[in-house]
Amino acid sequence: MRRDEYVGPIALRAMQSLATRVFPEAGWRHSGDLAWAAACADSAPDTRPTAVWSTGDMTLAWGWLESPGELTIQVDPAHPDLADEVLIWAQQATDPAQVSVTIAAHEPHLAAALTAHGFEEDIDGPFFVCLGRPLNDLPPLLTPPDGYQIRPQRDGTDIIERAAVHRAVWNSPQITAERHAAMREVWPYRSEFDLTAISPEGKAVAYCQGWYDEVSGVGLFEPVGTAAEYRQLGLSRATGIAVLHAFAAAGGKLATVCPRGDAGYPIPKLVYESLGFKAYSRTRTYTKELRRPR
């Protein structure tokens with residue numbers, strides 16, 4: 001058993017290997033979600049330490065301070081004692097007065113470790129719901145409105161447009177065309193699962209980015225968005241169904257997505273449920289005061 005420490009999520013493939021092996025039975029972070037999170041990370045990697053516990057070439061646990069005071073953790077359920085080591089490491093590695101950890105409700109080994117280390121569950125805050133659907137008996141592909149088309153990105157202009165519509169939808173200036181292009185080089189990204197709706201004027205106006213893990217056969221939607229002035233046209237639904245069909249054509253067995261599950265942002269969950277997704281878990285967030293602010 002060894003522990004390797006890094007600055008920033010540069011141990012991404014090691015982290016993904018554990019996610020691939022145990023998701024969705026344990027954890028709520030798909031290998032593609034980790035790739036997307038790394039792409040979204042800001043330009044201050046010294047604030048984002050990572051530690052990986054492994055034996056041979058098998059990852060057994062990891063912790064990533066995805067932002068200062070926010071720990072992302074995954075521990076192989078077959079090695080639950082490693083949760084203690086990850087939590088001890090994280091509390092020593094982070095500087096803020098409070099640290100929060102979000103886990104899946106079906107990770108009792110992590111919940112037990114968090115409680116033992118003095119973390120308390122935030123029962124009133126927002127949470128994500130874990131939805132899944134098998135990739136058989138899919139709804140039929142939808143024809144987009146006249147003049148619109150749904151297709152993968154083809155060239156540099158498409159990449160610029162795709163990054164621009166994401167920034168407009170989510171107000172996330174860090175997703176530049178350069179970052180989006182770099183993300184496309186990270187496993188398990190494949191362009192045939194990253195579909196964009198193009199307006200009659202040739203503008204990218206909606207998208208559904210799918211990540212397909214060919215090892216586990218599980219596909220993920222992350223992220224999905226439609227520009228405000230193009231909503232209510234069925235573009236999000238049409239792109240999502242097209243990505244489901246792409247997952248199935250690749251041999252996938254399951255699709256997942258994790259929208260907000262609380263009443264503060266209910267619409268995406270309802271849309272996914274209308275596509276046949278059903279809840280199998282949810283997230284739970286735990287926090288701990290490490291020291292009193294000065």
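The model is predicted: local features need pLDDT of at least 70, side-chain atom pairs count only at pLDDT 80 or more, and totals for chains, interfaces and linings use all residues. Residues are numbered from 1 along each chain as its sequence is written, and side-chain values use heavy atoms, without hydrogens and water.

The protein chain contains 8 helices and 13 strands (DSSP runs numbered from the N terminus; helices are H or I of at least four residues, strands E of at least two). Its radius of gyration is 19 Å, close to the 19 Å of the globule rule for 294 residues, so the chain is as compact as a globular protein of that length. The radius is taken over C-alpha atoms, and the rule is 2.2 Å times the number of residues to the power 0.38.

The structure holds 10 aromatic pairs. Rings of Phe, Tyr and Trp (its six-membered ring) pair if their centres lie within 6.5 Å; planes under 30 degrees apart are stacked, over 60 edge-to-face, and the rest tilted. The ring centres of Phe193 and Phe247 lie 5.5 Å apart with planes at 40 degrees, so this pair is tilted. Phe193 sits in the loop between helix H6 (177-183) and strand E9 (194-198), and Phe247 in helix H7 (residues 235-249); the pair links distant parts of the chain, 54 residues apart. Phe193 is buried at 1% relative accessibility. Phe247 is buried at 0%.

Conventions:
Buried < 20%, exposed > 50% of the residue type's maximum accessible area, 1.4 Å probe, protein only.
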